[in-house]
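Okay, thanks for coming, everyone. Let me put the model up and we'll walk through a few spots.

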Amino acid sequence: MAYVGNGAGNRSSAVFSWQQLDSGTPSGRFGHSCSIVGDALVLFGGINDQGQRLNDTWIGQIICEESRRMKISWRLLEVGPHAPYPRGAHAACCVDDKFIVIHGGIGQSGSRLGDTWLLDLSNGLRSGIWHQIEDTEPLPLSRSGHTLTWIGGSRMVLFGGRGSEFDVLNDVWLLDINERYPKWKELKYDLSSVLGEMPFPRVGHSATLVLGGKILVYGGEDSQRRRKDDFWTLDLPALLQFESGSKKMTKRMWKKLRIDGQCPNYRSFHGACVDTSGCHVYIFGGMVDGLVHPAEASGLRFDGQLYQVDLVLHL
């Protein structure tokens with residue numbers, strides 16, 4: 001089942017209308033990834049109602065009809081004999097409408113994974129080929145519930161998540177898939193120089209590339225499953241200068257934002273996306289209030305509100 005909301009990006013419209021789509025085909029699941037590639041969606045993996053981890057890859061072709069109505073036509077993508085191990089709660093991003101990169105997640109045995117895979121879509125979505133990126137030290141710790149955000153070109157940023165010992169993380173890693181042998185690089189910095197100027201460790205947050213070369217990080221939960229409602233920006237020019245050796249940029253990398261208006265409630269494992277202007281972020285759903293007890297439906301409380309967050313530049 002899928003839904004689409006009309007009215008996004010139209011600041012004169014105070015009402016968003018939801019349309020249920022007859023999407024069919026992919027089985028019900030959670031903890032999957034769904035990335036936009038041109039005018040299509042690429043869905044991978046997830047966990048079904050029986051707790052089984054999946055590793056199927058689907059293409060959802062978005063079809064616009066008259067009267068602004070839409071539908072999605074799904075088909076299983078032919079990827080050949082090699083595919084990532086089944087998983088859910090992994091991180092994924094699309095790179096320049098040509099590749100999907102996934103990292104980590106929760107495998108069949110419930111253990112956290114730390115592998116990185118690339119889906120080559122250069123065949124125009126007619127088929128794809130999965131390639132595992134070779135594990136070359138140093139590597140991010142195995143984790144789930146983290147984010148992977150494309151920042152332009154062939155680079156992406158990994159942030160946060162829950163590690164193998166259920167510890168919650170706030171480390172930052174950079175990956176460039178254009179290199180002959182892509183490898184991860186951790187952006188280590190002296191915590192004493194950024195005390196109070198970086199987000200606390202978290203899992204189940206969102207990380208969205210927005211206008212001005214920044215990643216907007218929102219929400220998530222800590223190791224005690226206390227949910228958050230804070231907004232942070234990670235400045236990419238400062239991050240890349242720091243990566244190239246400029247230690248002076250450390251204090252400019254992270255900034256906590258002041259929020260005006262109605263702030264979304266504390267939440268984790270929500271959805272977030274940005275419109276084409278890069279100025280309006282939409283936050284939907286997630287877990288709110290209460291403690292999370294995966295085996296007890298009564299222990300979970302989900303939210304169905306949609307929030308529009310307008311980014312304002314103060315001169």
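So, there's an open sheet of four strands here, ordered β3-β4-β5-β6 and paired antiparallel. Strands are DSSP runs of E, at least two residues, numbered from the N terminus, and two of them pair if DSSP finds at least two bridges between them. At the edges stand β3 (33–37) and β6 (70–76), each with a single partner strand, so one side of each has no neighbour in the sheet. From one strand to the next the twist averages 25°, taking axes as lines fitted to C-alpha atoms and angles from 0 to 180 degrees between N-to-C directions. Seven bridges tie β5 (residues 53–64) to β6, and Ile 63 has Lys 71 in β6 as its bridge partner.

A word on ground rules: this is a predicted model, with local features needing pLDDT of at least 70 and side-chain atom pairs 80 or more, while totals for chains, interfaces and linings use all residues. Numbering runs from 1 along each chain as its sequence is written, and side-chain values use heavy atoms, without hydrogens or water.

Now, His 103, over in strand β8 (residues 99–106). Buried or exposed? Buried, at 0% relative accessible area; the cut-offs are under 20% for buried, over 50% for exposed, partly exposed in between, with a 1.4 Å probe and protein chains only. Its side chain reaches the backbone oxygen of Gly 114 at 3.4 Å.

Last, cysteines: Cys 34 is partly exposed at 42%, and so is Cys 279 at 21%.

Terms used
A polar contact is a pair of N or O atoms within 3.5 Å; within protein, one must be able to donate a hydrogen and the other to accept it, and residues adjacent in sequence count only if both atoms are side-chain atoms.
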